[in-house]
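Trainee: I would like to take a close look at a single part of this model. Could you go through it with me step by step?

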Amino acid sequence: MTPPPFLRATAISKTYPGAHAGGLKETNLSIAKGKITAIIGESGSGKSTLLKLLYGLLSPDTGVIEFKGERVWGPEQKLIPGHEAMKMVTQQTDDLNVFAKVRENIAAMLPHTDLKAKQEKTDKIMQQLKIAGLAGNQAVNLSGGEKQRVAIARALVVNPEILLLDEPFNQVDTSFREGLQHDIRQAVKELGITVVIVSHDPAEVLSMADELIVLKEGAILESGDPKTMYQSPKHLYTARLLTNCTVLTKEEAKSVGLKTKAEHIVIYPEWVETVKTWTNNDWTIKQVLFKGPNEDLLLEYKGVAIRVLNDQFGKYTEGMKINLKLNKWLEF
Ligand code: ADP
Ligand code: MG
């Protein structure tokens, strides 16, 4: 007999009371064991609603949620919401005891019965999340990123089977996000924990996720592995969500020499090559934005603007006229 799916939602929906009833339309979903699944979508698309339903913090109006074949009950059926085998971390790290030390905050999650195990587990998770050096610091003195590491360590130290994360990096400085994402990925993979992460920012999930689910207006639009979805999204909405791309209407595309039958053409910044030719240097460089490892060029021709990635620093300056070569584009 095949085992039941790890975490499965069948025909779940949730409507909030009120005129602008948002929520979640009837949705089916299956989360694979040991994988990091990222749910992405613009603000208000139902990401938090879906996560709360999976966790049992909200009861669905219809449908069922099962964890290893066992029903997950919502707050109406169960006194303490949330399944024991699941842990949820949100962008607020309010449940930290700010006056206690980092070590105490994490150890407090474990039972008092085996002090040796308590210490060992606390030490191990602090090492995995690179906060061992902060063990003796009061939580009140930590940065946003450090607090988030502690919050995640508190969730992981009890060895949950599923970790649910709702926009966990919002309070973390951009420059520290990548390191945190990498350390979380490493830790959950080592521990074999299944992760569902919700985000409106693709940059933070593309490098972390094994599987992407795109939500739009309370419904799943598409899902798949991050690379495939990035290279060939099925929907314009997904492309827009995943990258800072240029979207041209059919008319705009035509006016700059791209013929298409589709309504829209989507061009990713890395698909455009800048070239200087003898003729047809039609595009004007309007802006050169320094981005660290590369530059973002904003080019214009006949009122059409296009964003281009450039790593040849100093080659282009504002006002210059150049030619473009398109290596790839998408049609929607
Ligand atoms: P996301 O997390 O993707 O930003 P949410 O799941 O929080 O989206 O919300 C989805 C939709 O449901 C939004 O339109 C939001 O306004 C609405 N919504 C969320 N929570 C409530 C609530 N408690 N009461 C009424 N409407 C809500
Ligand atoms: Mg949300």
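Trainee: How far from an oxygen atom of ligand 1 does a backbone N or O atom of Ser45 lie?

Mentor: In this predicted model, a backbone N or O atom of Ser45 lies 3.2 Å from an oxygen atom of ligand 1. On its own, ligand 1 has 560 Å² of accessible area, and the protein covers 60% of it.

Stepping back to the whole surroundings of the ligand, you will find Gly44, Ser45 and Gly46 again in the shell, together with Tyr16, Gly22, Gly23, Glu42, Ser43, Lys47, Ser48 and Thr49. If you sort this shell by class, it has 8 polar residues, 2 charged residues and 1 nonpolar residue. When you ask which element contributes to the shell, the one that gives the most is helix 1, residues 47-55, with 3 residues.

For a view of another part of the fold, turn to the open sheet, in which 5 strands follow the order 13-17-14-15-16 with antiparallel pairing. Its edges are strand 13 (272-275) and strand 16 (304-310), each of which pairs on one side only. Strand 16 is joined to strand 15 (residues 295-301) by 7 bridges, and one bridge to follow by eye is that of Asp296, whose partner in strand 16 is Leu309.

How values were computed. Residues numbered from 1 in each chain as written. Chains lettered and ligands numbered in written order. Predicted model: local features only at pLDDT ≥ 70, side-chain atom pairs only at ≥ 80, totals over all residues. Heavy atoms only, no water. Pairing = 2+ DSSP bridges. Helix = DSSP H or I, 4+ residues; strand = E, 2+ residues; numbered from the N terminus. Near = heavy atom within 4 Å. Polar contact = N/O pair within 3.5 Å; in protein donor to acceptor, adjacent residues only side chain to side chain. Areas by Shrake-Rupley, 256 points an atom, 1.4 Å probe, with all protein chains shown as cover. Nonpolar A, V, L, I, M, F, W, Y, C, P; charged D, E, K, R; others polar.
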